[in-house]
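Hi there,

Here is the structure I promised to pass on. Have a look at it first, and then read my notes below.

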Amino acid sequence: MSGRSDRIVPLAVKIVVSGGLGVGKTTFIGAISEIEPLDTEAAMTQVSVGVDSLDGVESKTTTTVALDFGRITLDPTIALYLFGTPGQDRFSFLWDDLVEGALGTVVLVDTRRIEECFPAVDYFESQGAPFVLAVNRFDGAERFELDEVREALGLGAEVPVLECDARERGSVRDVLGALMDRVIGVRSLAPKRRVAMVR
(Lines give C-alpha, C1' and ligand atoms only; values in the text may rest on other atoms or scores of the structure.)
Protein backbone atom coordinates (compact mmCIF):
# COMPACT_ATOMS: atom_id res chain seq x y z
CA MET A 1 0.00 0.00 0.00
CA SER A 2 1.55 3.28 -1.13
CA GLY A 3 -0.61 5.57 1.02
CA ARG A 4 -1.06 7.76 -1.99
CA SER A 5 -4.56 9.17 -2.41
CA ASP A 6 -6.24 9.65 -5.77
CA ARG A 7 -8.53 12.27 -4.27
CA ILE A 8 -8.54 15.47 -6.30
CA VAL A 9 -7.72 18.55 -4.28
CA PRO A 10 -9.58 21.47 -5.84
CA LEU A 11 -7.67 24.54 -6.91
CA ALA A 12 -8.49 27.32 -4.44
CA VAL A 13 -9.34 30.63 -6.07
CA LYS A 14 -9.70 33.79 -4.04
CA ILE A 15 -12.58 36.10 -4.97
CA VAL A 16 -13.40 39.43 -3.33
CA VAL A 17 -16.90 40.82 -2.83
CA SER A 18 -16.87 44.57 -2.29
CA GLY A 19 -19.07 47.64 -2.32
CA GLY A 20 -20.43 50.31 -0.05
CA LEU A 21 -22.04 50.06 3.36
CA GLY A 22 -25.30 48.10 3.36
CA VAL A 23 -25.09 46.98 -0.28
CA GLY A 24 -25.58 43.27 0.51
CA LYS A 25 -22.09 41.75 0.62
CA THR A 26 -22.75 39.62 3.70
CA THR A 27 -26.06 38.41 2.23
CA PHE A 28 -24.40 37.66 -1.13
CA ILE A 29 -21.75 35.42 0.45
CA GLY A 30 -24.25 33.80 2.81
CA ALA A 31 -26.57 32.90 -0.09
CA ILE A 32 -23.96 30.86 -1.95
CA SER A 33 -21.55 29.55 0.66
CA GLU A 34 -21.52 25.78 1.13
CA ILE A 35 -20.02 26.22 4.58
CA GLU A 36 -21.32 28.24 7.49
CA PRO A 37 -20.17 31.69 6.44
CA LEU A 38 -17.90 33.63 8.71
CA ASP A 39 -19.08 37.15 9.29
CA THR A 40 -17.99 39.88 11.61
CA GLU A 41 -21.28 41.66 12.00
CA ALA A 42 -21.44 44.05 14.91
CA ALA A 43 -24.23 46.23 16.19
CA MET A 44 -24.10 49.79 14.97
CA THR A 45 -23.80 52.13 17.91
CA GLN A 46 -23.95 55.85 18.54
CA VAL A 47 -20.20 55.94 17.94
CA SER A 48 -20.79 55.59 14.19
CA VAL A 49 -23.31 58.44 14.05
CA GLY A 50 -21.92 61.13 11.80
CA VAL A 51 -19.15 58.78 10.62
CA ASP A 52 -21.01 56.14 8.59
CA SER A 53 -23.76 57.45 6.33
CA LEU A 54 -26.99 55.48 6.61
CA ASP A 55 -28.97 57.64 4.20
CA GLY A 56 -31.26 55.24 2.36
CA VAL A 57 -30.59 52.32 4.73
CA GLU A 58 -31.78 53.82 8.00
CA SER A 59 -33.16 50.47 9.20
CA LYS A 60 -29.70 48.87 9.16
CA THR A 61 -28.68 47.87 12.68
CA THR A 62 -25.52 45.81 12.12
CA THR A 63 -22.45 46.17 9.94
CA THR A 64 -19.37 44.20 8.93
CA VAL A 65 -16.34 45.40 10.85
CA ALA A 66 -13.62 43.18 9.38
CA LEU A 67 -14.58 40.68 6.68
CA ASP A 68 -17.02 38.05 5.50
CA PHE A 69 -15.86 34.65 4.33
CA GLY A 70 -17.47 31.75 2.50
CA ARG A 71 -16.66 28.96 0.07
CA ILE A 72 -18.32 27.40 -2.95
CA THR A 73 -16.98 24.45 -4.92
CA LEU A 74 -17.65 24.98 -8.62
CA ASP A 75 -16.61 21.48 -9.62
CA PRO A 76 -14.21 18.86 -8.24
CA THR A 77 -11.27 20.88 -9.54
CA ILE A 78 -12.10 24.47 -8.48
CA ALA A 79 -13.28 26.02 -5.21
CA LEU A 80 -13.96 29.72 -4.83
CA TYR A 81 -13.05 31.33 -1.52
CA LEU A 82 -15.13 34.46 -1.07
CA PHE A 83 -13.83 37.37 0.98
CA GLY A 84 -16.18 40.29 1.68
CA THR A 85 -14.74 43.70 2.44
CA PRO A 86 -16.19 46.06 5.03
CA GLY A 87 -18.15 48.87 3.39
CA GLN A 88 -17.23 51.77 5.61
CA ASP A 89 -14.54 54.16 4.41
CA ARG A 90 -12.89 54.02 7.84
CA PHE A 91 -12.07 50.32 7.29
CA SER A 92 -10.66 50.76 3.78
CA PHE A 93 -7.16 50.19 5.15
CA LEU A 94 -8.11 46.48 5.30
CA TRP A 95 -8.70 46.23 1.57
CA ASP A 96 -5.07 45.81 0.51
CA ASP A 97 -4.73 42.73 2.69
CA LEU A 98 -8.11 41.30 1.72
CA VAL A 99 -7.52 41.57 -2.03
CA GLU A 100 -3.97 40.22 -2.03
CA GLY A 101 -3.87 37.14 -4.24
CA ALA A 102 -7.44 37.58 -5.46
CA LEU A 103 -8.26 36.53 -8.99
CA GLY A 104 -11.24 38.83 -9.39
CA THR A 105 -13.85 40.94 -7.65
CA VAL A 106 -17.59 41.42 -7.53
CA VAL A 107 -18.52 45.05 -6.82
CA LEU A 108 -22.07 45.25 -5.52
CA VAL A 109 -24.17 48.36 -6.09
CA ASP A 110 -27.31 49.72 -4.48
CA THR A 111 -28.81 52.20 -6.96
CA ARG A 112 -30.46 54.08 -4.09
CA ARG A 113 -26.94 54.97 -2.91
CA ILE A 114 -24.86 54.58 -6.04
CA GLU A 115 -22.27 57.06 -4.81
CA GLU A 116 -21.32 54.55 -2.10
CA CYS A 117 -19.74 52.25 -4.71
CA PHE A 118 -17.40 54.85 -6.20
CA PRO A 119 -14.54 54.04 -3.79
CA ALA A 120 -14.74 50.32 -4.63
CA VAL A 121 -14.89 50.92 -8.40
CA ASP A 122 -11.99 53.40 -8.20
CA TYR A 123 -9.95 51.02 -6.06
CA PHE A 124 -10.34 47.97 -8.29
CA GLU A 125 -9.83 49.97 -11.48
CA SER A 126 -6.57 51.30 -10.03
CA GLN A 127 -5.51 47.76 -9.13
CA GLY A 128 -6.14 46.59 -12.70
CA ALA A 129 -8.02 43.64 -11.22
CA PRO A 130 -10.81 42.03 -13.25
CA PHE A 131 -14.19 42.85 -11.75
CA VAL A 132 -17.88 42.75 -12.54
CA LEU A 133 -20.50 45.17 -11.29
CA ALA A 134 -23.62 43.57 -9.84
CA VAL A 135 -26.65 45.78 -9.21
CA ASN A 136 -28.36 44.33 -6.17
CA ARG A 137 -32.14 44.54 -6.49
CA PHE A 138 -33.69 45.85 -3.32
CA ASP A 139 -37.42 45.60 -2.80
CA GLY A 140 -39.08 48.91 -3.60
CA ALA A 141 -35.97 50.47 -5.12
CA GLU A 142 -36.29 52.27 -8.44
CA ARG A 143 -35.00 50.16 -11.33
CA PHE A 144 -32.55 51.58 -13.83
CA GLU A 145 -31.36 50.24 -17.14
CA LEU A 146 -27.95 48.65 -16.78
CA ASP A 147 -26.54 50.99 -19.43
CA GLU A 148 -27.66 53.92 -17.26
CA VAL A 149 -25.80 52.44 -14.29
CA ARG A 150 -22.72 51.88 -16.44
CA GLU A 151 -22.83 55.47 -17.66
CA ALA A 152 -23.39 56.86 -14.15
CA LEU A 153 -20.27 55.05 -12.95
CA GLY A 154 -18.21 55.78 -16.05
CA LEU A 155 -17.50 52.10 -16.66
CA GLY A 156 -16.05 50.90 -19.93
CA ALA A 157 -17.83 48.39 -22.12
CA GLU A 158 -15.37 45.69 -21.04
CA VAL A 159 -16.74 45.61 -17.48
CA PRO A 160 -19.79 43.32 -17.20
CA VAL A 161 -22.76 44.97 -15.48
CA LEU A 162 -25.61 42.73 -14.41
CA GLU A 163 -28.51 42.63 -12.01
CA CYS A 164 -28.71 40.25 -9.11
CA ASP A 165 -30.63 39.47 -5.97
CA ALA A 166 -28.04 38.84 -3.28
CA ARG A 167 -30.59 36.76 -1.35
CA GLU A 168 -30.96 34.18 -4.12
CA ARG A 169 -28.36 31.48 -4.61
CA GLY A 170 -29.00 31.14 -8.35
CA SER A 171 -28.61 34.86 -8.90
CA VAL A 172 -25.34 34.93 -6.94
CA ARG A 173 -24.11 31.91 -8.91
CA ASP A 174 -24.80 33.79 -12.17
CA VAL A 175 -22.74 36.77 -10.97
CA LEU A 176 -19.82 34.53 -10.01
CA GLY A 177 -20.07 32.81 -13.40
CA ALA A 178 -19.88 36.20 -15.14
CA LEU A 179 -16.86 37.08 -13.03
CA MET A 180 -15.08 33.85 -13.93
CA ASP A 181 -15.79 34.53 -17.63
CA ARG A 182 -14.33 38.01 -17.17
CA VAL A 183 -11.26 36.67 -15.39
CA ILE A 184 -10.65 34.06 -18.09
CA GLY A 185 -11.05 36.71 -20.78
CA VAL A 186 -8.55 39.06 -19.13
CA ARG A 187 -6.06 36.28 -18.47
CA SER A 188 -6.28 34.99 -22.03
CA LEU A 189 -5.21 38.43 -23.25
CA ALA A 190 -2.17 38.35 -20.98
CA PRO A 191 -0.98 34.72 -21.16
CA LYS A 192 2.46 35.40 -19.76
CA ARG A 193 1.21 37.26 -16.75
CA ARG A 194 1.43 35.25 -13.56
CA VAL A 195 -2.00 34.17 -12.38
CA ALA A 196 -2.52 35.01 -8.73
CA MET A 197 -4.15 32.10 -6.96
CA VAL A 198 -4.11 30.70 -3.51
CA ARG A 199 -3.79 27.02 -2.72
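**Helix 3 and its surroundings**

In helix 3 (residues 118–127), the buried residues are Ala120, Val121, Tyr123 and Phe124. Looking down the axis of helix 3, you will see these buried residues fall within an arc of 165 degrees, so they line one face of the helix. Please keep in mind that this is a predicted model.

What do the buried residues of helix 3 pack against? Their partners are strand 1 (11–19), helix 2 (95–99), strand 6 (104–109) and strand 7 (131–136). Just after helix 3 comes glycine 128, with a positive phi of about 70 degrees.

**Aromatic rings**

Searching the whole structure turns up five aromatic pairs. One of them joins tyrosine 123 and phenylalanine 124 in an edge-to-face arrangement, with 5.0 Å centre to centre and 85 degrees between the planes. Elsewhere, Phe69, Tyr81 and Phe83 are linked into a cluster by ring pairs.

Phenylalanine 83 also has a charge over its ring: the charged end of lysine 14 sits there, 4.8 Å from the ring centre. Likewise, arginine 112 places its charged end over the ring of phenylalanine 138, 4.3 Å from the centre.

**A hairpin**

Strand 4 (residues 68–75) and strand 5 (residues 78–84) are paired in the antiparallel sense over seven bridges. The two strands form a hairpin, and two residues lie between them. If you want a place to start there, aspartate 75 stands opposite isoleucine 78 in strand 5.

Which residues does leucine 176 touch, leaving aside its neighbours within four places in sequence? Leucine 176 is in contact with Ile15, Phe28, Ile32, Ile72, Leu80, Leu82 and Val106.

As a general point, nonpolar side chains in soluble globular proteins tend to be buried together.

Key
Residues are numbered from 1 along each chain as its sequence is written. This is a predicted model: local features need pLDDT of at least 70, side-chain atom pairs count only at pLDDT 80 or more; totals for chains, interfaces and linings use all residues. Side-chain values use heavy atoms; hydrogens and water are left out. Rings of Phe, Tyr and Trp (its six-membered ring) pair if their centres lie within 6.5 Å; planes under 30 degrees apart count as stacked, over 60 as edge-to-face and the rest as tilted. A charge sits over a ring if NZ of Lys or CZ of Arg is within 6 Å of the ring centre and within 35 degrees of the ring normal. Two strands pair if DSSP finds at least two bridges between them. Helices (H or I, at least four residues) and strands (E, at least two) are DSSP runs, numbered from the N terminus. Buried means under 20% relative accessible area, exposed over 50%, partly exposed in between (1.4 Å probe, protein chains only). The arc is that of the directions from the helix axis to the C-beta atoms. Contact means heavy atoms within 4.5 Å.
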